Amino acid sequence: MTPLLDEDVAFFTDAIKRPGAARVVPFEPWHMPLLTPRDHERAAFGALGGVERTAQLCDEAEHAYTLMAGGAPVAACIGCTVMWAGVGTAWAFLSPAALCHWRLIHGSVRMFLAQAFSSGEFRRIQTSVRADHEAGRRWVEHLGFVVEGPEYAYCPDGADAIRYVRLR
């Protein structure tokens, strides 16, 4: 399967020539342990069987990318796992350092979504966001996702989440 993002993300990364600049690269399992997790990511790692098991699951995703940054080697691991033909589940693990590279992250995700739908590979991409994570909810809404409904006691710590969906 040809990655949807790798070739076209070049306009972000080719323009950056200085050493240590942030860049988007295909995800590799060794990236995940280098990510400094936020509290809810730490809980997700635990629920998924640890950081190494989470890295294996992310590596199985058909579309997975890492934002490598100079100061914090891994600022974000983001991807979309194909559930079955035409349907994907988007996920993101972000370190606090990710906020320093928000334009690159947001632009890369927007590009992926545009290509994913225009290529015909997806008719639906869904994601879940903790109900109490206001910034995460604003981000997915800004990306064009709409609320599908509540997911009660969905998170590893029992917190509620909200299911979002974006359709072709």
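The structure holds five aromatic pairs. Rings of Phe, Tyr and Trp (its six-membered ring) pair if their centres lie within 6.5 Å; planes under 30 degrees apart count as stacked, over 60 as edge-to-face and the rest as tilted. This is a predicted model: local features need pLDDT of at least 70, side-chain atom pairs count only at pLDDT 80 or more, and totals for chains, interfaces and linings use all residues. Residues are numbered from 1 along each chain as its sequence is written, and side-chain values use heavy atoms, leaving out hydrogens and water.

**Aromatic pairs**
- Tryptophan 91 and phenylalanine 93 form a tilted pair, 6.0 Å centre to centre with 50 degrees between the planes.
- Both tryptophan 91 and phenylalanine 93 are buried (under 20% relative accessible area; exposed is over 50%, partly exposed in between; 1.4 Å probe, protein chains only).
- Ring pairs link Phe45, Trp91 and Phe93 into a cluster.

**Nonpolar cores**
- A nonpolar core is a set of buried Ala, Val, Leu, Ile, Met, Phe, Trp, Tyr and Cys residues joined through side-chain atoms within 4.5 Å.
- The largest has 28 residues; Leu67, Ile105, Phe112, Leu113 and Ile125 touch the most other members.
- At least two residues of this core come from each of strand 2 (63-68), strand 3 (74-84), strand 4 (86-94), helix 4 (102-118), strand 5 (122-130), helix 5 (134-142) and strand 7 (161-167).
- Helices (H or I, at least four residues) and strands (E, at least two) are DSSP runs, numbered from the N terminus.
- Helix 4 gives the most to this core: seven residues.
- Apart from this core lies another, of 15 residues, among them Leu35, Ala44, Ala55 and Phe93.
- Leucine 113 touches Ile125, Leu143, Phe145 and Arg166, not counting residues up to four places away in sequence; contact means heavy atoms within 4.5 Å.

**Helix 3**
- Helix 3 (residues 51-59) has Thr54, Ala55 and Cys58 as its buried residues.
- Seen down the helix 3 axis, these residues fall within an arc of 100 degrees, so they line one face of the helix; the arc is that of the directions from the helix axis to the C-beta atoms.
- Their cover includes helix 2 (39-47), strand 2 and strand 4.

**Cysteines**
- With a disulfide defined as a pair of cysteine sulfur atoms within 2.5 Å, the count is zero.
- The sulfur of cysteine 58 lies 6.7 Å from the closest cysteine sulfur, in cysteine 77, too far for a bond.
- Cysteine 58 counts as buried at 4% relative accessibility.
- Cysteine 80 is also buried, with a relative accessible area of 1%.
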